[in-house]
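Here is a friendly walk through the side-chain contacts of one protein model. Please have the structure open as you read.

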Amino acid sequence: MSKLMKAYYEASCKPALVMFVLALLALVYLNAVDGPYSIVRFKQLHAGLPLLDLLWNYSPNQVYEMLSGYGEQGRNDYIANLAVVDILLPILYGLGMGLLMACLIRRSVPQLFGLRHLSLLPLVAALADYGENITIAVMLQAYPDRIDTLAVTANIFTMTKTSVSLVSLGLIVLFTIIALITRLLSRSRN
């Protein structure tokens with residue numbers, strides 16, 4: 001095992017938890033607060049249309065209807081969102097969830113050493129998020145030209161990001177519960 005992977009799997013729990021909480025706070029801000037670069041603000045400014053990366057299973061026709069609906073200012077604002085938010089957020093939630101999951105696996109089921117590889121799932125979600133962001137940025141820049149293969153690719157990245165993120169969150173909850181039960185059982189034995 002490489003030194004980098006060993007450090008990842010054995011990372012301290014406190015910094016992992018801090019990164020995870022920061023990612024959650026960023027997501028709450030983006031989805032619930034009317035502020036710069038937030039989804040709430042974007043929708044208010046652009047006819048209630050959501051960002052593409054928040055949709056599920058969209059078609060090339062839907063992509064280009066939305067890109068048209070955003071207008072020129074909306075497309076520019078979307079590019080700004082990608083440049084500001086979507087460069088840092090995927091690595092923050094990817095590492096935050098991944099390191100936290102590695103820590104929880106270490107604490108909840110240390111005898112099942114192979115499960116530590118599950119903690120790489122959030123990094124897969126982050127990579128899919130970056131792929132999604134790149135494909136969307138290219139489509140925004142190329143508009144009004146259509147690149148349907150990129151729209152299909154962006155959709156695949158979006159569904160992968162969302163699915164793997166949800167599975168990762170579910171695993172974090174599961175391993176947290178197992179860690180708490182393990183801790184309670186060990187205290188009751190003492």
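## Salt bridges

Asp-148 is partly exposed, with a relative accessible area of 34%; here buried means under 20% relative accessible area, exposed over 50%, and partly exposed in between, using a 1.4 Å probe and protein chains only. The side chain of Asp-148 meets that of Arg-146 in a salt bridge, 3.0 Å from N to O. Arg-146 has 42% relative accessibility and so counts as partly exposed. A salt bridge needs a side-chain nitrogen of Lys or Arg within 4 Å of a carboxyl oxygen of Asp or Glu, and by this rule the count comes to four.

Before going on, a note on the model: it is predicted, local features need pLDDT of at least 70, side-chain atom pairs count only at pLDDT 80 or more, and totals for chains, interfaces and linings use all residues. Residues are numbered from 1 along each chain as its sequence is written, and side-chain values use heavy atoms, with hydrogens and water left out.

Two other bridges are worth a look. Arg-41 and Asp-34 meet at 2.6 Å, N to O; Arg-41 is partly exposed at 29% relative accessibility, and Asp-34 is partly exposed at 39%. Glu-10 and Lys-6 form a salt bridge at 3.4 Å, N to O, with Glu-10 partly exposed at 47% and Lys-6 partly exposed at 42%.

## The disulfide

How many disulfides does the structure hold? There is one, where a disulfide is a pair of cysteine sulfur atoms within 2.5 Å. This link joins Cys-13 to Cys-103, with an S to S distance of 1.6 Å. The link of Cys-13 and Cys-103 is right-handed, with 90° about the S-S bond. Cys-13 lies in helix H2 and Cys-103 in helix H4, so the pair ties together parts that are 90 residues apart in sequence. Helices (H or I, at least four residues) and strands (E, at least two) are DSSP runs, numbered from the N terminus. Both Cys-13 and Cys-103 are buried.

## Aromatic rings

A search of the whole structure finds four aromatic pairs. Rings of Phe, Tyr and Trp (its six-membered ring) pair if their centres lie within 6.5 Å; planes under 30 degrees apart count as stacked, over 60 as edge-to-face and the rest as tilted. One of the pairs is Phe-42 with Tyr-70, whose ring centres are 5.2 Å apart and whose planes meet at 80°, so this pair is edge-to-face. Phe-42 lies in helix H3 (residues 39-45) and Tyr-70 in helix H4 (residues 60-108), so the pair ties together parts that are 28 residues apart in sequence.

Phe-42 is buried at 3% relative accessible area, and Tyr-70 is buried at 4%. Tyr-70 also pairs edge-to-face with Tyr-78, at 5.7 Å centre to centre and 65° between the planes. Phe-42, Tyr-70 and Tyr-78 form one aromatic cluster.

Elsewhere, the charged end of Arg-116 sits over the ring of Tyr-9, 4.9 Å from its centre. This term asks for NZ of Lys or CZ of Arg within 6 Å of the ring centre and within 35 degrees of the ring normal.

## Two leucines

Leu-17 is in helix H2 (residues 13-32) and, at 44% relative accessibility, counts as partly exposed. Leu-180 is in helix H6 (residues 148-189) and is partly exposed, with a relative accessible area of 46%. The C-alpha atoms of Leu-180 and Arg-106 are separated by 13 Å, with the two residues 74 apart along the chain.
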